[in-house]
Amino acid sequence: MPGVALLVFREVLEAALIISIVCAATRGVRGRGFYVAAGIALGLLGAIVVALGAGAIAELASGSGQELFNAGVLLAAVVMIGWHVVWMSRHARELARHMGAVGQAVKAGSSSLTLLLAVIALAVLREGSEVVLFLYSMAMGGIGAAGLIGGIALGVGCGVLLGFALYFGLLRIPLRHFFSATNAMLVLLAAGLASGAARFLLQANRLPALGEQLWDTSWLLSNGSLAGKTLGVLVGYDASPAGIQLAFYAVTLLVLLGGMRWAARPAAPARTEAASTRGVAPARP
Amino acid sequence: MIRLVLAAALLFGSAAAGAAEVPEFHLAIQDHAFQPAELKVPAGVKVKLVVANRDAAPEEFESTEFNREKIVLPNSSTSVYVGPLKPGSYRFFGDFHPDTAQGRLIAE
């Protein structure tokens, strides 16, 4: 049971952290609970489908299907988060006039709520499909139902608890800075996801490394540790990244921050540039 | 910026072209353990690890030290590109059975 709980916990934690940030970013939006629940439900459904289709995915692209699929899911989430933060920035000006009125601030957020629902669904799908395969593996190993269910309950419980801790921690940020803070967290989250996508593409030999193991800080904080994993999700921490990961990280940061600034200009045209996160050089304003 | 994109495109092309010359190394998973548990690979070059899962249960081949993770389905094999690594010893494990599935990659 401890083994089951530990793995389930780690996967749930990754998804829970992302869900917490998304929940904070959509604070007060009417119907948010429904969207979040729908995102999680869709993600779980998707996780089962992906786990069932794992064999077919593995065969794709001469054996690189899994990496390409993971990278695709991550990059899709990056684009959606990018879209949301740029969109939020475009409306920051009008929101500012109603400063203090949370309802206003979040009315703006609701329009891209669907995007964030998809981000939640993708996060749950990615982590969930791994859990499904793991549980299948455990069940084959003859673990009893009690051990399996107990492990799942403990793992999910602890992961969700930490997610809530982050969420309520974020809620303590003063309202005046609240959406700047959640936007910043979304940008860092997106940059980290992009770096993760680069890692998968590198693992499949689809991208040049641009330098493997540029540095190694695993003596300080290893990728396997709880803190390392948590920071890995929140800000894209990697103890020994490859150059291509840094490139994806930096390009995402530049494009999103540039896009936010550009969108926040007075009388900004209604275009976003969130789609340009696939390793394309950012079009700076 | 355009120059950067061009450089990236060229590198992408060369990486894809060089794929055939990557040396292969084989690992097997049997009874939730790696065979061999210690695998020597050359340092400083990219290598292709072919991981064969001979068990009836899925496994996840993972290393937080050389930064790779991939599900290996039952009775099938998969490949993971690693490195170029600096000389050293790198731990890898089967994430679904970490009690028994432990191994090391020795880059020298």
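## Two helices in chain A

The axes of helix 1 of chain A and helix 7 (residues 113-140) of chain A cross at roughly 175° and come within 10 Å of each other. Angles over 145 degrees count as roughly antiparallel, so that is what helix 1 of chain A is relative to helix 7 of chain A. Bear in mind that this is a predicted model.

Who meets whom here? From helix 1 of chain A come Val4(A), Leu7(A), Val8(A), Glu11(A), Val12(A), Glu14(A), Ala15(A), Ile18(A), Ile19(A), Val22(A) and Ala25(A). Facing them in helix 7 of chain A are Leu116(A), Val119(A), Ile120(A), Ala123(A), Val124(A), Glu127(A), Glu130(A), Val131(A), Phe134(A) and Met138(A). Sort the residues of this contact by class and you get 17 nonpolar, four charged and no polar.

## The nonpolar core

The largest nonpolar core runs to 106 residues. The residues with the most contacts inside this core are Ile18(A), Ala77(A), Val119(A), Ala190(A), Ala194(A) and Ala197(A). Helix 1 (residues 2-25) of chain A turns up again: it supplies the largest share of the core, with 17 residues.

Take Ala197(A) as a closer look. Leaving aside residues up to four places away in sequence, Ala197(A) touches Ala71(A), Leu74(A), Leu75(A) and Phe248(A).

## The sheet in chain B

Over in chain B, five strands make an open sheet with mixed pairing, in the order 3-9-8-5-6. Strand 3 (38-41) and strand 6 (68-72) of chain B sit at the edges; each has a single partner strand, so one side of each has no neighbour in the sheet. From one strand to the next, the twist averages 20°.

## Where the chains touch

The contact between the chains draws 30 residues from chain A and 31 residues from chain B. On the chain B side, the elements giving two or more residues are helix 1 (2-17), strand 5 (59-63), strand 6 and strand 7 (76-82). Helix 1 of chain B gives the most, with six residues.

By class, the side of chain B that touches chain A holds 18 nonpolar, eight charged and five polar residues.

Terms used:
Residues numbered from 1 in each chain as written. Chains lettered and ligands numbered in written order. Predicted model: local features only at pLDDT ≥ 70, side-chain atom pairs only at ≥ 80, totals over all residues. Pairing = 2+ DSSP bridges. Helix = DSSP H or I, 4+ residues; strand = E, 2+ residues; numbered from the N terminus. Axes fitted to C-alpha atoms, helices over the stretch in contact; angles between N-to-C directions. Core = buried A, V, L, I, M, F, W, Y, C linked by C-beta atoms within 7 Å. Buried ≥ 20, exposed ≤ 12 C-beta atoms within 10 Å, placed from the backbone. Contact = placed C-beta atoms within 7 Å. Parallel < 35°, antiparallel > 145°, perpendicular 65-115°, else oblique. Nonpolar A, V, L, I, M, F, W, Y, C, P; charged D, E, K, R; others polar.
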